[in-house]
Amino acid sequence: MVLGQNDHLAWSLTNVMLDDTDFFVEQLHPNDTDRYLADSSDGEPVWEPFTVQREVIRVKNADDTLFTRRLTRHGPVVSDVHPDSALVDGRVITMRWTGQEASNELGALLDMGWATGREEFLQAARAFRVPAQNIIYADRDGNIGRYTLGAVPLREGSPLAFREGWEPALDWQGYVPFEELPREENPPSGWVANANNPIGAPDYPHYLSSYWDSEARYYRISRYLEAADTASTALFRTMQYDAYSSWSAELVDYILPVLEEAGPNEFSTAISYLENWDYTYLPSETAASIVDLFALNFSRNVMGDEMGESAYESYIRFSGQPERALMRFVRRGSAFFDDVSTTERETEREMILRSMRQTLQTLTGRYGSEPVEWRWEQLHTLTLRPPLFGEAARDSSAPGALRLIVNNLMSRGPYPAHGHSMSLNNGEYRWTDPFEMVLGPSIRRIVDLSDTRSSLSILPTGQSGNPLSAYYGDQTESWLNGEYRIFYRDSLLFRQAEVKTMRLLPADR
């Protein structure tokens, strides 16, 4: 079990968003391209041969393919297979990743599940290395905690730039000891939480990441828990289905005065919806569509010209990056508020107006002139597909029969979906291909440790993964509506229930 409970404790997890990968530029020997410069620190170059691995890949109805992989002490050469030759620019680039070393996450999870208390649980959790996770822990003795598990590299130099492979000082110097990983135990506030937001204190000595999500979801959690006298099942049901976005609230406060100053006629529709919005991403909300499409346009107008098209498309593959950057610009200003293709310097006001014009033009062109047709449910939908067959069916060369089976038998949807990437009920979509939801609660679960006889849980799909089963997709409607199934752990309930069971056994011969 990746997350769950036993008679003594319960735990859940969120991704640390750890920067667990570095890229090294390697220098080839001038007269022997089979060797690379391993060390130049003592003035005398040390050259080492590449490790070469060859594998035969068998291809149906075609000749076998021989794949050759080169490795250095940092890891595999990725420049040989990287699709962007301009980015590689003729360099030999290797990749170091924490997952290249053996670890035993399954063993850790198994032992965590059998633990009877906090110390036993943490002793088991030490073995969990990749990918780094934040564990939210609670037990029946009243202990709570947030613990970071994972292999966090110890390194010097810029964490974001290419590293010189021949400089030993830029190699990883081991990993942060388990005792020094971020943790929070039984805080005075009485609660712990994480929503992929930064976890280290301001004076934390080790680099963790630059790839955090926006803090909007964590901020919303804190508002709920700080206002509550006690934690209850009802409180957490409300929290898990919450579609409010403090990020959008701040963005609207920033752009509304600019729109109003520009004159009510051009932007009257947008102004009216934004002024009367409660910042919840419900399917019926038109303002949600306006704000999210505006954010996409605003981001591209502000950052796209400085970065260039290729770099910008790569940058927005992880939506947390532009979301955090835009909010920094909103709060502090930025030199990016300029269109480098013009001779005059634009202001952020001009960027806002241009982005809103583009937004209204797009919504009108796609959905018509009636704003009621711009509802969030028109843009933001969820289709549940089987991972393996779903990806195969989306390939342009997939057989028509496969697409028919996947789309009509194995898939569910599209459904109007609550939330966006910065609401507690996460409804994230790719900025490179908006607005189909691709990330959200893979399970909602509530455990009351004062009564462990039952718990609440719900899945996006169903109890069975077999498309021919009656239980395939049997929880989807409940999941969409914020409802739960009760999971009973006390067999006494069934012994006392009116419903009876009958067992048929073969007669003795």
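**Figure 1. Backbone of Y279, a buried residue with positive phi.** In this predicted model, Y279 has a relative accessible area of 17% and is therefore buried (buried means under 20% relative accessible area, exposed over 50% and partly exposed in between, with a 1.4 Å probe and protein chains only). Although Y279 is not a glycine, its phi is positive, at about 70°. The residue lies in the loop between α7 (264–275) and α8 (286–307); helices (H or I, at least four residues) and strands (E, at least two) are DSSP runs, numbered from the N terminus. Residues are numbered from 1 along each chain as its sequence is written, and side-chain values use heavy atoms, with hydrogens and water left out. As the model is predicted, local features need pLDDT of at least 70 and side-chain atom pairs count only at pLDDT 80 or more, while totals for chains, interfaces and linings use all residues.

**Figure 2. Backbone of N61, an exposed residue with positive phi.** N61 is not a glycine either, and its phi is positive at about 60°. This residue is found in the loop between β7 (51–57) and β8 (65–72). Its relative accessible area is 77%, so N61 counts as exposed.

**Figure 3. Aromatic pairs and an aromatic cluster.** Rings of Phe, Tyr and Trp (its six-membered ring) pair if their centres lie within 6.5 Å; planes under 30 degrees apart count as stacked, over 60 as edge-to-face and the rest as tilted. The count by this rule is 18 aromatic pairs. In one of them, the ring centres of F329 and F337 are 6.1 Å apart and the planes stand at 70°, so the pair is edge-to-face. F329 and F337 are both buried. Y429 and F435 also form an edge-to-face pair, with 4.9 Å from centre to centre and 65° between the planes. Both Y429 and F435 are buried. These two residues belong to one aromatic cluster together with Y244, W277, Y279, Y281 and W376.

**Figure 4. Cis peptide bonds at P434–F435 and V130–P131.** The peptide bond that joins P434 and F435 is cis, with omega about 10°. F435 is located in the loop between β17 (428–429) and β18 (437–439). A cis peptide bond also joins V130 and P131, where omega is about -10°. P131 is in the loop between α3 (118–125) and β11 (133–139).

**Figure 5. Arginine side chains over aromatic faces.** A charge sits over a ring if NZ of Lys or CZ of Arg is within 6 Å of the ring centre and within 35 degrees of the ring normal. R70 lies over the face of F50, 4.7 Å from the ring centre. R129 lies over the face of Y175, with 5.1 Å to the ring centre.

**Figure 6. Crossing of helices α6 and α10.** The axes of α6 (residues 246–261) and α10 (residues 320–332) come within 11 Å and cross at roughly 40°. This makes α6 oblique to α10, because angles under 35 degrees count as roughly parallel, over 145 as roughly antiparallel, 65 to 115 as roughly perpendicular and the rest as oblique. Axes are lines fitted to C-alpha atoms, for helices over the stretch in contact, and angles run from 0 to 180 degrees between N-to-C directions. Residues W247, E250, L251 and Y254 of α6 meet E323, L326, M327, V330 and R331 of α10, where contact means heavy atoms within 4.5 Å.
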